[in-house]
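This report walks through a protein structure, part by part. Keep the model open as you read, and find each residue as it is named.

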Amino acid sequence: MGGDGTPAARVIVVVTDDLLQDVLELPGWREAAEIVRVGPLQGEHLRAAVEGPLRDGFVRFQDGLLDRILHDFGQQRLTLPDLQAMLTRLWEGQSDDGWLRVAHYNELNLPDGWQTARVELIWARLTRGERDAARRLLLHLVEPAGRRDGAYLRHFASRADLDERDWQAARMLAHEQNRLVVVSAGPHGTGMAELAHDSLLANWPSAREHLQAHRDLVQWRSDLRRERAAWDAHGLLPRGAALRRHRKARQNYEPYMSGAEEKFIATAVRRQRKRIGSWLAWAFCMAAVVGLVVFLLLQEAADQRDAKDALKIAELSSDLADVDPIISQQLAVAAWRMQPTEPRAREALLRAAADRGRGILRAGRYGVSALAFSPDSDTLVTGGNDNRIRFWGLAGRRITGPQLSYDRSSPNVLAVSSDGRLLASGDDEGTVRLWDTENRVQVGETLIVPWPSPARPIPDGHRYVLSLAFGAHDRSLVAVSSDGMLVQWELRKAPSVTSYRDLGELHGPVAFTRDGRLLAVADAHGGTQLWDTHTGRPKARLPAAGRKRAQLLAFSPDGHRLAVVRGGRENPRVELWDVTTLRLSGQLLTRHSDVVTALAFSPDGAVVATGSRDHRVELLDADGTGLPISESLSGHVGGINSLAFSSDGRTLASASDDGTVRLWDPVALRPRGAPMDDGTGQLLSAAFSPDGKVLASTGASTSVRLWDPRTGRAFHSPLTGRMGKNFSVTFSRDGSTLAATGDVGPAWLWDTKTWQPTGPPLDGAIGAVAFSPDGRLLATGDITLNQFDVQGDVRLYDTATHRRLPPLLPARRPDGSTYPLGHHGSVHALAFSPDGKFLASGAGFGEIQLWDMARRRAVGKPMTDNSGDVTSLSFSPDGRTLVSGATDGTVRLWNVHTRRQDAKPLTGPNTAIDAVVYNPKGGFVASGGDDGRVRLWDVGTGHQISDPLLSEGGVAVHALTFNRDGTLLAGGGSRLRVWDVSALTDPAQTICARYDEPLSRDTWRDKLPDVAYRTGCTYDE
């Protein structure tokens, strides 16, 4: 710096515009530089710039050459780089005497001009890759000149508009050796690229040719630039037809597209998609709203139609119950599947599941006289009075294979071999035939029962085969005829008579044991003669139990008992004789009003079935009570001729004079095993343990009995305590504790592992007990011991300490006062809701009180719609409904939330209700009454869903309890019984498991022509 602060020296740097930005980026240059921009040289300045450097040297212009050069510079619109290159070539070609001559200039200046020559020379010097890059860049540096075809203008391309490869191509063409492109600093420091001069567009053949080949691309890019400018200025993006054009161009010009252009089009596409998406979303929402409304309307219409159809199907199911059980039961499933919440559809389903009917086989017009099941229980063989033997497949309830025919006689007795391969049939002409059951052909010749002595006349002039039986291992066949001939055939080879015996004139029925070893023959004096069929000799005689002759005989499957029917039209009964001890072991009482004409044992010997001319079938308990185990099986319109159980015991067939064979389920709702008798003659309470392995009962004694429900046997000595007559027994939910109480003593708690008391008894006259679901609390109800003590309290005890907890609090009235606390009279029933939130107590005078267990306070005033004492309470599985039984003969359903009745009372015969219990699976309630019957109620309709389950001797049923899964019901009057009610816990599955195929469309169309076909049960192919 000088002394006065002025710079000591100045440095002049001449740079082209494209390099200016790079120079200014050097440290300190931007602050120190003074920028002077020099415009284009013209006129004398241009002449001086050309001539000046040569004037002082040894090079001279030939006359007229300089003027020619300056003229061509202006005429050809050359750039300074063009002029520099041309002068350099002239200088290099000067003559030896230092002259620049016109002839040499003419050689260099091609017909198209000096600029064309220069750019083509530069183009030829580029590599192939550089040319491709230059072509791609060139399409960014031009734009169409209006509407003139093939005319273009220069375009300034910003650095942001070019990809990196395009920018590098611009820098390469801007190099001092090329000077075809100018790279300069743009606004805001961004780089710019442009063609060096407009003349290049006219004087560059290769560029012109390339632009002409891609004129559509150039035009499209020009339009795209305007739309990008509109986006930058106003945020407007192309859409509709314009965007479709850009998307198509993107596909066609992909190799020439820049990233900025791709981004712009992608943004426009996204914006349009978003816009379309918004419109579609709006349209979809509107359509959804409209569709939802339409759907709801259609659904409501469909629901109404389904509800109407379901009721129609359910009604038809009920109407067909006695006519065609198969169709009836499957229709019930279809109705329920259509409307599972419709009470009448569910009632029809439960009724169908409880129905013992399993089908009706139309076996001829003239009656069916004989029945026999195959050993696998899959086939039933029937013999009819139309002289035909038919084979029925039980899966489809239809005839399978050809029928077997007699010429004149009718088969009246049938027997199937143990392997199922042979069928023996006896007819009314004294002959026996063997049949191959697989091929349905007769085996061998017809077997003729030998004739008796000519001196003995044949009764009625006819010879009937009365009974048939295959011997052990099917090696022999025995038969007895109506004229008293016992015959045995050997079957190892061709059938042949091995022995026969004339038994004399028969005075009653006959029966073989299953293996044919023993024959029972009723005699004229009311006794029964037992014959050994192997020896043909009498073995023993069962004495007469009365004066009446035997009407029917049947051996138990094990051959140890003989059932003898006596009684005629009035009070027919069945005697059971032990053929080993020759003693009467029991008597079974029937309810027939006419002669018993058919008799059969179940395979396990526990049930005896009887059929009568009164058209009914009875099932009698042969192992315990001797009473009917269910209501009579009715449906036939003719007398019963024959009965037969399937080998698995799950089907009973009854043949009738009405030409039909009805199939029954003898197991459904049947008592399981023998009754459990504690010897007191009165059962008061019973409870299943949670695991179902223990059944506890109390009766008219001071002890609690423990039973194994699987065997029906007591497995522990009675639990005793100072309780008096036991009123109530219950298990805790975890099964660890058993509680019981009586009428004069306290409540006792026992540990179920040791069956020892868990502590001292809970003092007081306690008549009812109930465990909370968590087992921590025991609720007890007081007994009123005399007419002056009218206060019945509910108390709570801690089961761990046996200590009494603080008293429950009374409910508050709206005005802040409280209702009276306690019951008027004894507390007979207690029940906790499944979630433990509520405790219900029932007492005399029809009172039911709900207690809030969280606050330990009564909920409102007692519910009192009963005119009799409340005897029993039970909550539904969901805790929303409370069922009560009372001495006024009603079963009532209470809404726990509203504390009002949900429906009309369930009423049956005018008899007090002593016990009610809700099935754990929901849907039905069991009640026990003073008439000794157990009734099952559908809670939806309030109707009974089956015939009553019978207790014994009409003794009042005070005890009822379900096991945890609801498949077993235990209770009774004088003795404890267990009923299998699994058919009602999953009724649809129960019904569908009975059959192998759904109702056909033809059957549906025949029964319900105006209702769309629905499959109730579905089966795998």
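## Aromatic pairs

Across the whole structure, a search finds eight aromatic pairs. The model is a predicted one. Two of the pairs are described here.

Take Trp220 and Tyr253. Their ring centres are 5.7 Å apart, and their planes meet at 50°. Planes under 30 degrees apart count as stacked and planes over 60 as edge-to-face, with the rest called tilted. So this pair is tilted, at 50°. It links distant parts of the chain. Trp220 sits in helix 12, which covers residues 215-234. Tyr253 sits in the loop between helix 13 (241-252) and helix 14 (259-319). The two residues are 33 residues apart. Are they buried or exposed? Both Trp220 and Tyr253 are buried.

## A second tilted pair

Now look at Trp231 and Phe264. The ring centres of Trp231 and Phe264 lie 5.2 Å apart, and the planes are at 50°, so this pair is tilted. Trp231 belongs to helix 12 and Phe264 to helix 14, so the pair ties together parts 33 residues apart in sequence.

Phe264 has 1%, so it counts as buried. The cut-off for buried is under 20% relative accessible area.

## Arginines over rings

Aromatic rings also take part in another arrangement here. Which residue lies over the face of Phe391? It is Arg440, at 3.9 Å from the ring centre. Arg463 lies over the face of Trp451, at 4.2 Å from the ring centre.

## Arg964, an exposed loop residue

Arg964 is in the loop between strand 63 (959-962) and strand 64 (968-972). Its relative accessibility is 51%, so Arg964 counts as exposed. The cut-off for exposed is over 50%.

What does Arg964 touch, leaving aside neighbours within four places in sequence? It is in contact with Pro690, Arg733 and Pro920. For Arg733 there is a further detail: the side chain of Arg964 reaches the backbone oxygen of Arg733 at 2.9 Å. Arg964 and Val729 are 235 residues apart in sequence, and their C-alpha atoms are 16 Å apart in space.

## Ser728, a buried strand residue

Ser728 lies in strand 41, residues 726-731. Its relative accessible area is 11%, so Ser728 is buried.

Which residues does Ser728 touch, not counting those up to four places away in sequence? Among them are Ser685, Thr698 and Gly767. Ser728 also touches Ala739, Ala740 and Thr741, as well as Ala768 and Val769.

## The disulfide

How many disulfides does the structure hold? It holds one. The bond joins Cys992 to Cys1017, with an S to S distance of 1.9 Å. The angle about the S-S bond is -80°, and the link of Cys992 and Cys1017 is left-handed.

Cys992 lies in helix 18 (residues 987-994), and Cys1017 in the segment after helix 19 (1001-1007), so the pair ties together parts 25 residues apart in sequence. Both cysteines, Cys992 and Cys1017, are buried. Compare another cysteine, Cys285. Its relative accessible area is 43%, so Cys285 is partly exposed.

## Helix 18 and its cover

Helix 18 carries Cys992. Helix 18 is mostly covered, with six of its eight residues buried. Which ones are buried? They are Pro987, Ala988, Thr990, Ile991, Cys992 and Arg994.

What covers these buried residues of helix 18? The cover includes helix 15 (325-338), helix 16 (343-354), strand 8 (357-362) and helix 17 (982-985).

## The whole chain

Of its 1021 residues, 51% count as buried. Consider contacts between residues at least 6 apart in sequence: 49% of them join residues at least 24 apart.

What about overall dimensions? Along the principal axes, the C-alpha atoms fill a box of roughly 175 × 90 × 50 Å. The radius of gyration of the chain is 55 Å, whereas a compact globule of 1021 residues would have one near 31 Å.

Methods:
Residues numbered from 1 in each chain as written. Predicted model: local features only at pLDDT ≥ 70, side-chain atom pairs only at ≥ 80, totals over all residues. Heavy atoms only, no water. Phe/Tyr/Trp six-rings, centres within 6.5 Å; stacked < 30°, edge-to-face > 60°. Helix = DSSP H or I, 4+ residues; strand = E, 2+ residues; numbered from the N terminus. Buried < 20%, exposed > 50% of the residue type's maximum accessible area, 1.4 Å probe, protein only. Lys NZ or Arg CZ within 6 Å of the ring centre and 35° of its normal. Contact = heavy atoms within 4.5 Å. Polar contact = N/O pair within 3.5 Å; in protein donor to acceptor, adjacent residues only side chain to side chain. Disulfide = S-S within 2.5 Å. Rg over C-alpha atoms; globule rule 2.2 N^0.38 Å.
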